[in-house]
Amino acid sequence: MVTSLQAQGVASIGGPGQVLDDATVRRFVRARLAAEDLDGRSVCVLVPDATRSCPLPLLLSAVHDALDGRATNVTVLIALGTHAPMTGDGLRKHLGGVYSARNHEWDNPEALVRLGSVSPDRVAELSEGRLRESVDVVVNRAVVEHDVCLVVGPVFPHEVVGFSGGNKYFFPGVAGPEIIDFSHWLGALITSAEIIGTRGITPVRALIDQAAALIPSRRLALTLVVESGTGALHAAAFGPPEAAWAAAADVSAQAHVQYLDAPVQRVLSVVPTKYGDMWTGAKGFYKVEPIVADGGQVIVYAPHITRISAMHPEIERIGYHCRDYFVKQWDRFAGEHWGVLAHSTHLRGAGTWDPVRGERNRVTVTLATGIPEDVVRAANLDYLDPAAVDLDAFAATADGDGDTLVVPQAGEVLFRLR
């Protein structure tokens, strides 16, 4: 009997309650690539940066074994989006020494090529009427200069698109600035709390898939479901990006979502060091916002973070605000990078704005980081000295009162109410 996944050309292993050993993963990757027509082809391998948990050295080693002597050349491209580039020992450790890699250059026109555009009418259809204007589809040149593009990356609940992975490695992963901004702002209009962890084809996913269909190279994906906190694999799927992503998202929805029976008043999100600034460390807020009671507080604890954004310093000028703050004052903000505005709304969370009462936010967002207090408060967030945070005391309180939640390794597991 042919399963629906097999009918879509997808092979998969593992599941939400499993942990795959390295040998099993290697066999799967080698077998899947061995079955593809890759002899004499050039291959561009798109991989995540270090902000995504993934046993990349293991996977790239298996890819190398499968392609060595077959592919004419292999280029590894790091799907940074607008994150800071990776260099030096951190990059070598990230890749495992099998391949060297290029960083995506979203702000370098020479590194990009235009594939076409999505029309205003089609954008309106895909966005369910939220936006109606054309968007240029621009991508890293390496994508079109290779015969085959192979995405290798994990799938997690995501604040912009619902679940990450798949074609998201092209857009925004190795895309030009316009479609990066456009897709993120579309997600912000829906709001992070509404879209994060949403199954199926969200409006942002629909736009991404539409853009990916313009890529002339053949597209394949090895999508992964990673055990949060360990980097081991629960599952892997291989095939066309759309179908392989869907298979992994079904597993991620079981492995990466925890449910509470009632909202809590306070969350302490302990952000791991792989998030080097607030731009990426904000995932410690996104993943817990849905379970915080009205008027509650999220404390983002990350003493190692010393700046808001390495790549987008304008966020310090704009600050953090709810969606309606921007939408209802659009003449003031339309000229800013929409991706920056989107990030602002994602970390500030739900709220309202009107010209009489101003901004009224649903929850308090407090940074206990190495970012100076004056910078934090100027950005419209609350400040707490990280030295004053007693993790053991928070844990004891959480065990006793039911109104406090401590989340270690915050940023990957999504918390929702039943």
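In strand β19, V407 is the bridge partner of S269. The strands β13 (residues 264-270) and β19 (residues 404-407) run parallel and are paired over 4 bridges. Strands here are DSSP runs of E with at least two residues, helices are runs of H or I with at least four residues, and both are numbered from the N terminus. Two strands count as paired if DSSP finds at least two bridges between them.

This is a predicted model, in which local features need pLDDT of at least 70 and side-chain atom pairs count only at pLDDT 80 or more, while totals for chains, interfaces and linings use all residues. Residues are numbered from 1 along each chain as its sequence is written, and side-chain values use heavy atoms, with hydrogens and water left out.

**Strands and sheets**

Strand β13 also pairs with strand β14 (residues 292-302), in parallel and through 6 bridges. Within that pairing, R266 stands opposite Q297 of β14.

An open sheet is built from 7 strands, with mixed pairing and the order β1-β11-β10-β7-β2-β3-β4. Its edges are β1 (11-14) and β4 (102-103); each has a single partner strand, so one side of each has no neighbour in the sheet. Inside the order, β2 (residues 42-47) and β3 (residues 73-78) run parallel and are joined by 6 bridges. S42 has N73 in β3 as its bridge partner. Strands of a sheet pair through backbone hydrogen bonds, either parallel or antiparallel.

**Nonpolar cores**

A nonpolar core is a set of buried Ala, Val, Leu, Ile, Met, Phe, Trp, Tyr and Cys residues joined through side-chain atoms within 4.5 Å. Buried means under 20% relative accessible area, exposed means over 50%, and partly exposed lies in between (1.4 Å probe, protein chains only). The largest core has 92 residues, and F170, F171, W185, V267, M278, I291 and L347 have the most contacts inside it. Helix α7 (residues 177-190) gives the most to this core, namely 8 residues. Another core, of 38 residues, lies apart from it and includes L58, V63, V76 and L80.

Leaving aside residues up to four places away in sequence, M278 touches residues including V300, I305, Y320, L347 and I371. Contact here means heavy atoms within 4.5 Å.

**Aromatic rings**

The structure holds 7 aromatic pairs. Rings of Phe, Tyr and Trp (its six-membered ring) pair if their centres lie within 6.5 Å; planes under 30 degrees apart count as stacked, over 60 as edge-to-face and the rest as tilted. Y325 and W353 form an edge-to-face pair, with 6.3 Å from centre to centre and 85° between the planes. Y325 belongs to helix α14 (residues 323-327) and W353 to strand β15 (residues 351-354), so the pair ties together parts that are 28 residues apart in sequence. Y325 is buried at 13% relative accessibility, and W353 is buried at 14%.

One aromatic cluster is formed by F182, W185, W330 and W338. At W245, the charged end of R205 sits over the ring, 4.0 Å from its centre. A charge sits over a ring if NZ of Lys or CZ of Arg is within 6 Å of the ring centre and within 35 degrees of the ring normal.

**Salt bridges**

The whole structure has 20 salt bridges. A salt bridge is a side-chain nitrogen of Lys or Arg within 4 Å of a carboxyl oxygen of Asp or Glu.

| Residue | Partner | Closest N and O atoms |
|---|---|---|
| D121 | R132 | 2.9 Å |
| E159 | K283 | 3.1 Å |
| R323 | D324 | 3.1 Å |

D121 lies in helix α5 (residues 120-126) and R132 in the loop between α5 and β6 (135-140), so their bridge ties together parts that are 11 residues apart in sequence. D121 is exposed, with a relative accessible area of 55%, and R132 is exposed at 57%.

E159 and K283 form a salt bridge. E159 lies in the loop between β8 (157-158) and β9 (162-163) and K283 in helix α12 (residues 283-286), so this pair ties together parts that are 124 residues apart in sequence. E159 is buried with a relative accessible area of 6%, and K283 is buried with 7%.

R323 is partly exposed at 29% relative accessible area, whereas D324 is buried at 12%. Elsewhere, a network of salt bridges links R26, R30 and D65.
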